[in-house]
Amino acid sequence: MIVVHHLENSRSQRVLWLLEELGLPYEVKRYARDPKTMYAPPELARVHPLGKSPVITDGDVTVAESGAIIEYLLDTYGQGRLRPPAGTPERRRFTYWLHFAEGSAMPPLLMKLVFEKVRSAKVPFFVKPVVKGIADKVTSSFIAPNLERQLQFMESELAAREWFAGAEFSAADIQMSFPLEAAAARAGLDARYPRLADWLSRIHARPAYRRAVGVGGPYRIAG
Ligand SMILES: N[C@@H](CCC(=O)N[C@@H](CS)C(=O)NCC(=O)O)C(=O)O
């Protein structure tokens, strides 16, 4: 039996969604975040040494890292679903977006969150202007331009096709959901990006997405 070690409000929501799309049976083991630090609890490190979510176990197999979990589930149980055939332009785009989501889209989103925390951190009053100055500089010179360039790029890609890999919905769309939901919550994905907003509405309307939210519990990406 596949067991999803599910941390609330986290990337493991994508794994629940994929399993619902594939119609596979699975169990969910739930983990709550520390309300102060938002870190995962130490029990998760007993499943995988990094103690991050998502991680799945399937018999004696343990797989961590969202993209690797998606590939494992498609390889093992996909029967060709939700992944374009090898050697096609759609498959190349599928692989690109599967990696882009965590490799390129998430780093500036995470940096934005970290530097917002730095800006509002409790520090002695005389250090505050220096801390704020550094946070503002990093945000304006690196984080904001990268976020904007990426959003423009993703918007332009959806001008050419309905889903990230092509005309068909695929697991690359599932993988892309977390960065784009995070961008909508905290990083400027707004009416300037109508195709991305429409893509978000379309994924949120999918019955399997809704079932996965029902299973995973309240899903709110920190804004
Ligand atoms: N690139 C990894 C990122 C894993 C990750 O950072 N997960 C977050 C949840 S969204 C986590 O476990 N945070 C809690 C913690 O770091 O303690 C993946 O996609 O699986």
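A residue counts as buried when its relative accessible area is under 20%, as exposed when it is over 50%, and as partly exposed in between. By that rule, Arg 14 and Glu 102 are both buried. The model described here is predicted. Its protein chain contains seven helices and four strands, and buried residues make up 45% of its 223 residues.

**Overall form**

- Read from the N terminus, the elements of the protein chain follow the order β-α-β-β-β-α-α-α-α-α-α.
- The C-alpha trace spans about 60 × 45 × 30 Å along its principal axes.
- A compact globule of 223 residues would have a radius of gyration near 17 Å, and the 18 Å of the protein chain agrees with that.

**Strands**

- Strand 1, which covers residues 2-7, pairs with strand 3 in the antiparallel sense over four bridges.
- Within this pairing, Ile 2 stands opposite Asp 58 of strand 3.
- Strand 3 also runs antiparallel to strand 4 (residues 61-64), and four bridges join the two.
- Val 55 has Ala 64 in strand 4 as its bridge partner.
- Strand 3 and strand 4 form a hairpin with two residues between the strands, where Gly 59 takes a positive phi near 65°.
- Strand 3 (residues 55-58) is covered on both faces. Val 55 and Thr 57 are buried on one side, and Ile 56 and Asp 58 are buried on the other.

**Salt bridges**

- Side chains of opposite charge can pair when their charged atoms come close.
- The structure holds 13 salt bridges.
- One of them joins Arg 14 to Glu 102, with the closest N and O atoms 2.7 Å apart. Arg 14 is in helix 1 (residues 12-22) and Glu 102 is in helix 3, so the pair links distant parts of the chain, 88 residues apart.
- Arg 14 and Glu 102 also belong to a network of salt bridges that includes Arg 11.
- Glu 20 and Arg 211 meet through their side chains in a salt bridge of 2.8 Å, N to O. Glu 20 lies in helix 1 and Arg 211 in helix 7 (residues 207-216), 191 residues apart, and this pair too links distant parts of the chain.
- Glu 20 has a relative accessible area of 15%, so it is buried. Arg 211 has 41% and is therefore partly exposed.
- A salt bridge of 3.8 Å, N to O, is formed by the side chains of Glu 162 and Arg 202. Glu 162 sits in the loop between helix 4 (128-160) and helix 5, while Arg 202 sits in helix 6 (residues 194-204), so the pair ties together parts 40 residues apart in sequence.
- Glu 162 counts as partly exposed because its relative accessibility is 44%. Arg 202 also counts as partly exposed, at 21%.

**Largest pocket**

- The largest pocket holds about 1000 Å³ of space.
- It is lined by 31 residues, and those closest to its centre are Arg 11, Arg 33, Met 38, Lys 52 and Leu 110.
- Helix 3 (89-119) and helix 5 (171-186) each supply at least two residues of this lining.
- With seven residues, helix 3 gives the most to the lining of the largest pocket.
- Sorted by class, the pocket lining has 16 nonpolar, seven polar and eight charged residues.

**Largest cavity**

- The structure holds one cavity of 30 Å³ or more.
- About 60 Å³ of space lies in the largest cavity.
- Helix 3, helix 4 and helix 5 are the elements that give two or more residues to the lining of the largest cavity.
- Helix 4 gives the most to this lining, with four residues.
- Residues that line the largest cavity include Ala 105, Leu 109, Leu 147, Gln 150 and Met 154. Pro 179, Leu 180 and Ala 183 are also among them.
- The cavity lining has eight nonpolar residues, one polar residue and no charged residues.

Terms used:
Residues numbered from 1 in each chain as written. Predicted model: local features only at pLDDT ≥ 70, side-chain atom pairs only at ≥ 80, totals over all residues. Heavy atoms only, no water. 1 Å grid on protein atoms, 1.4 Å probe; cavity = no way out; pocket = protein on both sides within 12 Å on 5 of 7 lines; lining within 4 Å. Points joined across faces, edges and corners; volume = space filled by probe spheres on them. Nonpolar A, V, L, I, M, F, W, Y, C, P; charged D, E, K, R; others polar. Buried < 20%, exposed > 50% of the residue type's maximum accessible area, 1.4 Å probe, protein only. Pairing = 2+ DSSP bridges. Salt bridge = Lys/Arg side-chain N within 4 Å of Asp/Glu carboxyl O. Rg over C-alpha atoms; globule rule 2.2 N^0.38 Å.
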